[in-house]
Amino acid sequence: MDLRERIASLMRQARSELAELVAIRSVADPRQFPPEECARAAQWVRDAFAGVGFSDAWLAQMADESQAVLGTRRGPDPDTPTVLLYAHYDVQPPLNEADWRTQPFELTEVGGRWYGRGAADCKGNILMHLTALRALGEEVPVNLKLVVEGSEETTGALVDFVPGHADLLRADAILVCDAGNAAAGHPAVTVSLRGVADVVVHVEALASELHSGTFGGAAPDALAALVAMLATLRDGRGSTTVRGLDNTQVWPGAPYPPEAFRADAGVLDGVSLLGDGTVSDMVWSRPAVTILGIDCPPVLGSTAAITPRASARLNLRVPPGTQAGEAAQALVSHLHAVAPWGVHVKAEIAPPGSGFQARTGGPAYQAIAAAMHEAYGQPMVTLGEGGSIPLCNVLADTYPDAELILMGVEEPLTLIHAPNESVDPAEIAAMALTEALFLQRYAAVRN
Ligand SMILES: [Zn+2]
């Protein structure tokens, strides 16, 4: 049997094990679900990987009380390269259960897809790893390390664990399997992530509320000032315009088709997409400001009064390669510069998260491109991601020579984090084949 056939024959086991794992409600938030659920999931993962050669698999205690599953599996000789396999076993809460068409913690097949919370993010990727290793059997030509964390969706304590335990996870190539293709059947790796910084801005203009009849017209209105300031953060096309921040970058990889984006984002008929670039430019390469919240009188309970002070919380997404802290500083300077009428402006910057850009020229990228091409019968493309994954920065900083590869089964139809999450079993099979072929080729490319 070749690898593809072996993986096909392993999919029944993959399904029943994914069902076991999905049935464990491993939401890493003791206020919502009992912590025993996460402990059971950790144990399940430990046992499963012990069964595919990680005989030393163990549970490492993190600072947030969660447990990460760690392990090693030695290759045929010590000179072969080391590959670290990553996933997480904790899941998002199901949200409103009434919005689910199936039971969230019961893996259910509908129309060829498997539905359930975590079916893709990230338990589907755990089954991808297991299926790849089972298909290879004894024939794994590299050294392997494993980390499956238990609080990725909440506190993300692994980020703080890595620098102090660098030797445990040190590897030449790291498969960060918490991502996916742009569409099922079309192989891709994610090579860039935007950075992020939140800014809270406060505007003050008056000692207290004033009657809008008596004073309105001449009295400086803090809310009107804030609205005017926020309006300068976008131009007529909707591009983000922060002084001193480039907004003309062009995405060099695969395009994000506008029709796919409209569908993925649920944009209503007749409403335009924003910006003067392509969708991939706008969401992967350029800065974006989102107004997350405004403190001002709510409509219900409001009276005929001029607002003396108002605040807004802004979320700034920063292109990879731009320092998030410097970009946040530019946003703050911009807000001060555009404030009208001499209103008092104060701003606070929350700790920023940097963007990430993968190094794509090395042997691991060569091997993954070849593996994806063979598994899918078409060439691999490169994608960006508008959000940030702090772990990627920590791994890149801790292991500057390692190649990080972001991939997995989380294509857009999986609806990760939303109700009705699902996974396409064909993606689990094709990505498991990719991973198995990668492990074979990478040893050959390196030697
Ligand atoms: Zn995830």
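Guide: Leu95 is found in the loop between strand 3 and strand 4 (108-110); helices (H or I, at least four residues) and strands (E, at least two) are DSSP runs, numbered from the N terminus. The model is predicted, with local features needing pLDDT of at least 70 and side-chain atom pairs pLDDT 80 or more, while totals for chains, interfaces and linings use all residues. Residues are numbered from 1 along each chain as its sequence is written, and side-chain values use heavy atoms, without hydrogens and water.

Although Leu95 is not a glycine, its phi is positive, at about 65°. A second case is His417, also a residue other than glycine, with a positive phi near 75°. His417 lies in the loop between strand 17 (403-406) and strand 18 (422-423).

His88 belongs to strand 3 (residues 82-88) and Asp121 to the loop between strand 5 (113-115) and helix 3 (123-136), so the pair ties together parts that are 33 residues apart in sequence.

The peptide bond from Asp121 to Cys122 is cis, and omega is near 5°. Cys122, too, is located in the loop between strand 5 and helix 3.

Helix 3 can now be followed to its partners. Helix 3 packs with helix 1 (residues 3-22) at an angle of about 140°, and the axes, lines fitted to C-alpha atoms over the stretch in contact, are 9 Å apart; angles run from 0 to 180 degrees between N-to-C directions. In this contact (heavy atoms within 4.5 Å), helix 1 contributes Leu3, Arg6, Ile7, Leu10, Gln13, Ala14, Glu17, Leu18, Leu21 and Val22, and helix 3 contributes Lys123, Gly124, Ile126, Leu127, Leu130, Thr131, Arg134, Ala135 and Leu136.

Helix 3 also packs with helix 13, at an angle of about 50° and with the axes 8 Å apart. Here Gly124, Met128, His129, Thr131, Ala132, Leu133 and Leu136 of helix 3 meet Ile428, Met431, Ala432, Glu435, Ala436, Leu439 and Gln440 of helix 13.

Helix 13 (residues 425-446) in turn meets helix 11 (residues 363-376): their axes come within 7 Å and cross at roughly 140°. On the helix 11 side, the contact is made by Pro363, Ala364, Gln366, Ala367, Ile368, Ala370, Ala371, Met372, Glu374, Ala375 and Tyr376. On the helix 13 side, the residues are Glu427, Ala430, Met431, Leu433, Thr434, Leu437, Phe438, Arg441, Tyr442, Val445 and Arg446.

Phe261 is placed in helix 8 (residues 258-265). Leaving aside residues up to four places away in sequence, Phe261 touches Tyr256, Leu273, Val279 and Val283. Between Phe261 and Val279, the separation is 18 residues in sequence and 7.5 Å in space, C-alpha to C-alpha.
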